Amino acid sequence: MGARGMGLDEIAEFAARAHRGQVDKAGRPYVEHLAAVAAGVRERGGDEAQIAAAWLHDSVEDGAVTEEWLQRASLPAGTRDIVLAVTKRSGEQPADYAARILATPGALLVKEADLAHNADPRRLAALDAATRDRLTRKYARMRELLGLR
């Protein structure tokens with residue numbers, strides 16, 4: 001991590017290592033989701049801090065890193081604030097979660113890319129009907145709370 005800070009390639013490699021062995025709800029390697037969210041942020045015009053946050057967006061929530069590591073890591077300015085904003089807290093109400101995202105510069109774009117990939121019909125098609133329906137409602141509600149169309 002040196003004085004110069006981690007570059008995007010290093011962050012992507014670190015995230016892939018941190019999530020090694022983890023799979024998504026459809027059984028796919030979790031790194032595919034991280035890469036898709038990072039690509040979605042880039043396609044939406046996100047900056048380096050947002051792209052870095054996309055690679056790390058689930059790292060604290062999934063226990064791949066601690067908040068302490070995130071605070072100490074040499075990351076692009078703003079990245080840690082975005083990651084913490086999009087990290088869901090246990091028992092947190094969706095409206096409170098959305099409010100934190102909206103209050104944090106750069107976080108909305110990362111969450112938008114995350115929701116877009118999570119709600120991708122190709123990903124959802126791999127799930128059982130009950131899970132697919134539950135997640136579709138959940139993602140639509142979060143988009144509504146965030147003011148996304």
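**Close-up views of a predicted model**

**View A. The largest pocket comes to a volume of about 570 Å³.** This is a predicted model, where local features need pLDDT of at least 70 and side-chain atom pairs count only at pLDDT 80 or more, while totals for chains, interfaces and linings use all residues. Residues are numbered from 1 along each chain as its sequence is written, and side-chain values use heavy atoms, with hydrogens and water left out. A pocket here is an open set of points on a 1 Å grid over the protein atoms alone, where a 1.4 Å probe fits, with protein on both sides within 12 Å along at least five of seven lines; lining residues have an atom within 4 Å of a point. The volume is the space filled by probe spheres set on the points, which are joined across faces, edges and corners. Lining this pocket are 30 residues, and Lys 25, Lys 88, Asn 118, Lys 138 and Tyr 139 sit nearest its centre. Two or more lining residues come from each of α2 (30-43), α6, α7, α8 (121-124) and α9, with α9 giving the largest share, five residues. Helices are DSSP runs of H or I, at least four residues, numbered from the N terminus. Sorted by type, the lining has 12 nonpolar, five polar and 13 charged residues (nonpolar: Ala, Val, Leu, Ile, Met, Phe, Trp, Tyr, Cys and Pro; charged: Asp, Glu, Lys and Arg; polar: the others, Gly among them).

**View B. Helix α6 (residues 94-103) has Tyr 97, Ala 98 and Ile 101 buried.** They share one side of α6, because they cover an arc of only 95 degrees around the axis (taken from the directions from the helix axis to the C-beta atoms). Buried means under 20% relative accessible area, exposed over 50%, and partly exposed in between (1.4 Å probe, protein chains only). Among the elements covering these buried residues are α5 (79-86), α7 (107-118) and α9 (129-146).

**View C. Phe 14 and Trp 69 make a stacked aromatic pair, 4.5 Å centre to centre with 5 degrees between the planes.** Rings of Phe, Tyr and Trp (its six-membered ring) pair if their centres lie within 6.5 Å; planes under 30 degrees apart are stacked, over 60 edge-to-face, and the rest tilted. The count by this rule is one aromatic pair. Distant parts of the chain are linked here: Phe 14 belongs to helix α1 (residues 8-18) and Trp 69 to helix α4 (residues 67-72), 55 residues apart. Both Phe 14 and Trp 69 are buried.

**View D. Val 110 sits in helix α7.** Val 110 counts as buried because its relative accessibility is 1%. Not counting residues up to four places away in sequence, Val 110 touches Val 37, Val 41, Gln 50, Ala 53, Ala 54, His 57 and Ile 82, where contact means heavy atoms within 4.5 Å.

**View E. Asp 62 is in the loop between α3 (48-56) and α4.** With 34% relative accessibility, Asp 62 is partly exposed. Leaving aside neighbours within four places in sequence, Asp 62 contacts His 19, Gln 22 and Tyr 30.

**View F. Val 23 is in the loop between α1 and α2.** Its relative accessible area of 47% makes Val 23 partly exposed. Setting aside neighbours within four places in sequence, Val 23 is in contact with Arg 28, Pro 29 and Tyr 30.
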